[in-house]
Amino acid sequence: MVDPANTVGIPVNPTPLLKDELDIVIPTIRNLDFLEMWRPFLQPYHLIIVQDGDPTKKIHVPEGYDYELYNRNDINRILGPKASCISFKDSACRCFGYMVSKKKYIFTIDDDCFVAKDPSGKAVNALEQHIKNLLCPSTPLFFNTLYDPYREGADFVRGYPFSLREGVSTAVSHGLWLNIPDYDAPTQLVKPKERNTRYVDAVMTIPKGTLFPMCGMNLAFDRDLIGPAMYFGLMGDGQPIGRYDDMWAGWCIKVICDHLGLGVKTGLPYIYHSKASNPFVNLKKEYKGIFWQEDIIPFFQNVKLSKEATTVQQCYIELSKMVKEKLSPLDPYFDKLADAMVTWIEAWDELNPPAAAAANGKA
């Protein structure tokens, strides 16, 4: 059995990394009391809170945090008709926060994620580790058996090509969880008491050509490098599927990162996932996805983007056309999803004009 860390008495970090270059995005339907535990590590940063569900409900945010909060009324006001691409009654609504942010980096965390302890009992500053992951190169073209060669105490092993040791820019840092594992409903049902107590002190680059099931509850990314592809799809209210939002985004960003020569890391940091969701409710949300993924995965494994697609937006539009052509026969939902992917890019570009990005040195 593992417990969350006790952060009482830990002072707020006086020199936080990338303080003015990073936003923290939190989707929620409840008061954010969990931020008290995270205060030593997260208070210096700006929060973007995306309130799901009833927009008239008052969300309490602990004193001392700098934040902006958006509810469904705000989303409709800002995006107009294009608000249809933002999911409702699903944590996929978090991607609206990615869209309105003006920072280079994003860290997103769920409100049931607490501070974890490493094997020595020390509280884990998850955000600091994510930043370290993002600021170090990735090695997707050749696997290093000592994992991340840029970490202290590691290096490239014998036989690693010197021509590849520069690595590539890291676009995504995918963290893990202690306590409640991120299982699907069938696995939850057969292993209801299973808890993850294994703390593996490793960070690795996911190799080029390899997909992975991305979890959005402990995730950071370089918004300038991959932001327009970090769309969590159409999930939740009015949709035939849920709990595949982050995985859909993960499959999309991975094939685009592979095409553009960017890296995706997974492993550290850990958070403590405190609450197991209801497996029967999850099964209702997931059951179509469990069948569909047997076709979706081969689809992404065979995606070939054109040489003309040199930006994330161009890649994503190409991908949306492939989704419409290849996956719509599976279910009409994918035709709707493909259209939403295009709407998402249009909305992103309206709020983040390429000319403005160039003026800010982001293009």
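Buried here means under 20% relative accessible area, and it is by this cut-off that nine of the 10 residues of strand S6 (residues 170–179) are buried, so that S6 is largely enclosed by the rest of the structure. The legends below describe close-up views of a predicted model.

View A. With nine of its 10 residues buried, S6 is largely enclosed by the rest of the structure. Nine bridges pair S6 with S9 in the parallel sense, and within this pairing Gly 175 has Gly 267 of S9 as its bridge partner. With strand S8 (residues 218–222), S6 pairs in the antiparallel sense over three bridges.

**View B. Strand S8, covered on both faces, and its pairing with strand S4.** S8 is mostly covered, five of its five residues being buried. On one side lie Asn 218, Ala 220 and Asp 222, on the other Leu 219 and Phe 221, and all of these are buried. S8 is joined to S4 by five bridges, the two strands running antiparallel, and Asp 222 in S8 is the residue that Tyr 105 stands opposite. S8 also pairs with S6, again in the antiparallel sense, over three bridges.

View C. Because seven of the seven residues of S1 are buried, the strand is largely enclosed by the rest of the structure. S1 and S4 run parallel and are joined by four bridges, with Tyr 105 in S4 as the bridge partner of Leu 22. S1 and S2 also run parallel, joined by six bridges, and in this pairing Val 25 stands opposite Ile 48 in S2.

View D. Helix H1 (residues 35–42) has seven of its eight residues buried, so it is largely enclosed by the rest of the structure. The buried residues are Leu 35, Met 37, Trp 38, Arg 39, Pro 40, Phe 41 and Leu 42. They pack against several strands, namely S1 (22–28), S2 (46–51), S4 (105–109), S5 (113–114) and S9 (263–273), and against helix H4 (126–135). Arg 39, whose place is in helix H1, counts as buried because its relative accessibility is 17%. If residues up to four places away in sequence are not counted, Arg 39 touches Val 12, Pro 44, Pro 62, Glu 63, Gly 64 and Tyr 65.

**View E. Helix H4, one of the elements against which H1 packs.** H4 is mostly covered, with seven of its 10 residues buried. These buried residues are Ala 126, Leu 127, Gln 129, His 130, Ile 131, Asn 133 and Leu 134.

**View F. The packing of helix H7 against helix H9.** Helix H7 (residues 245–260) packs with H9 at an angle of about 125°, their axes lying 11 Å apart. That angle makes H7 oblique to H9, and H7 passes H9 in a right-handed crossing. From H7, the contact is made by Trp 248, Cys 252, Val 255, Ile 256, His 259 and Leu 260, and from H9 by Val 312, Cys 315, Tyr 316, Leu 319, Val 323 and Leu 327. Sorted by class, the residues of this contact comprise 11 nonpolar, one polar and no charged residues.

**View G. The packing of helix H8 against helix H9.** Helix H8 (residues 279–301) and helix H9 (residues 312–327) pack at an angle of about 135°, with their axes 11 Å apart. H8 and H9 are therefore oblique to each other, and their crossing is right-handed. In this contact, Asp 295, Ile 296, Phe 299 and Phe 300 in H8 meet Leu 319, Met 322, Val 323, Lys 326 and Leu 327 in H9. By class, the residues of the contact of H8 with H9 divide into seven nonpolar, no polar and two charged.

Methods
Residues numbered from 1 in each chain as written. Predicted model: local features only at pLDDT ≥ 70, side-chain atom pairs only at ≥ 80, totals over all residues. Heavy atoms only, no water. Axes fitted to C-alpha atoms, helices over the stretch in contact; angles between N-to-C directions. Parallel < 35°, antiparallel > 145°, perpendicular 65-115°, else oblique. Left-handed = near helix turned anticlockwise from the far one by under 90°. Contact = heavy atoms within 4.5 Å. Nonpolar A, V, L, I, M, F, W, Y, C, P; charged D, E, K, R; others polar. Buried < 20%, exposed > 50% of the residue type's maximum accessible area, 1.4 Å probe, protein only. Pairing = 2+ DSSP bridges.
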